[in-house]
Amino acid sequence: MQLPFFMPKRVLFEERALAYPLGKKLWERFRAEGKEIRTIGSHNRVSGLPGETPAQKFRSAKETLVVGVRKTLEFASCRPSSDFQLVMSTSCPGMCEYCYLHTTLGARPVVRLYVNIDEILSAAAAVIDKRKPAVTIFEGAATSDPIPLEPYSGALAKAINFFAGQEMGRFRFVTKFSAVDSLLNLEHRKKTEFRFSVNMPEIIRRFEHGTPPLEERIRAAVKVFRAGYPLGFLIAPVFLEDGWREGYSDVLAMLRKEIPDADPSFEVITHRFTTRAKANIEAIFPASALPLEQEERRFKYGQFGYGKYIYLREEMKEAEDFFAEEINRYFPAGNLLYFV
Ligand code: SF4
């Protein structure tokens, strides 16, 4: 199944964005398509979206594209995935029940793209220069899944081209989506690592609404591998429910079968939630079957100043050993970058 192109129901333009060529181009495009468009003063203040219940408000936010100008040209830390976040968009049209953005974006996560990509990349160049001779790695998916927005923004293509020319800069991003064709023929010079988020098919079906199934993501990964990009897989969030060992082993076996010659990186993130995310999830998805019982978890303070509920120590140890062994079994040349 090929997911349809992301088609927002309404597009809100920050006034300043219309001074940029991409802002103008998108305004003309959506106007010609007869889309509901209007200007707003700030991309951070979006009001008047339809919806009464939290679920309706969430859905209308996900159907709203905001075209804005990124003011902050400083880069937040992004451990353990990279040195810094490279924010070119926020949110995404997917509706994963456990989306990592429930904590940071709240209950109305409008989809936002920034038109000043050149300014953002110039600021990244200055950071790379300043940190030489160290290699500086930027993460392009810290606040968004960037693939669904690519047909509108072209931001990933710009970033991939930019990093291809950076001796000491690297770029990496992760996606659950499969519309990768426009990026396959770029001159990436292996400076961009292209990762796919994968999970057990049953987990994707139950919780990752509006995203492609595992087989489709793997087909996209095969294309990316053949295009010569460094390839990676993010196995997340890992659920330690009945049958998890067999389920995740099957996922690794599928990857191995389709790309036997690859030596991908792996990142493994176990399921966790914050109090704020839990409240949002229960409001937006009242019938959610996600395991969100605090009593069954361990509370841990995180790097961004809020705590989260993670699996118990012994469960984590067992899962860490399992993934280290299984990844090594299926991909002896692969590399487990971290398990959290
Ligand atoms: Fe969130 Fe990623 Fe799912 Fe989009 S695809 S809703 S960013 S978890």
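Modeller: Helix 9 and helix 11 run roughly parallel to each other, because their axes cross at roughly 25 degrees and angles under 35 degrees count as roughly parallel. This is a predicted model. The crossing is right-handed. On the helix 9 side, the contact residues include Trp 244, Tyr 248, Leu 252 and Arg 256. Helix 11 meets them with residues including Glu 318, Phe 322, Phe 323, Ile 327 and Tyr 330. The contact between helix 9 and helix 11 divides into 9 nonpolar, 1 polar and 5 charged residues.

Now the salt bridges. The structure holds 21. Glu 36 pairs with Arg 10, with the closest N and O atoms 3.9 Å apart. Glu 36 sits in strand 2 and Arg 10 in strand 1, so this bridge ties together parts 26 residues apart in sequence. Glu 36 is partly exposed at 44% relative accessible area, whereas Arg 10 is buried at 7%.

Asp 83 bridges to Arg 131 at 3.7 Å between the closest N and O atoms. Asp 83 lies in the loop between strand 3 and strand 4, and Arg 131 in helix 4, so the pair joins parts 48 residues apart. Asp 83 is buried at 12%; Arg 131 is partly exposed at 31%.

Glu 267 and Arg 195 meet at 3.0 Å, N to O. Glu 267 is in strand 13 and Arg 195 in strand 10, 72 residues apart. Both Glu 267 and Arg 195 are buried. They also belong to a salt-bridge network with Glu 139, Arg 172 and Glu 193.

Terms used. Residues numbered from 1 in each chain as written. Predicted model: local features only at pLDDT ≥ 70, side-chain atom pairs only at ≥ 80, totals over all residues. Heavy atoms only, no water. Axes fitted to C-alpha atoms, helices over the stretch in contact; angles between N-to-C directions. Helix = DSSP H or I, 4+ residues; strand = E, 2+ residues; numbered from the N terminus. Parallel < 35°, antiparallel > 145°, perpendicular 65-115°, else oblique. Left-handed = near helix turned anticlockwise from the far one by under 90°. Contact = heavy atoms within 4.5 Å. Nonpolar A, V, L, I, M, F, W, Y, C, P; charged D, E, K, R; others polar. Salt bridge = Lys/Arg side-chain N within 4 Å of Asp/Glu carboxyl O. Buried < 20%, exposed > 50% of the residue type's maximum accessible area, 1.4 Å probe, protein only.
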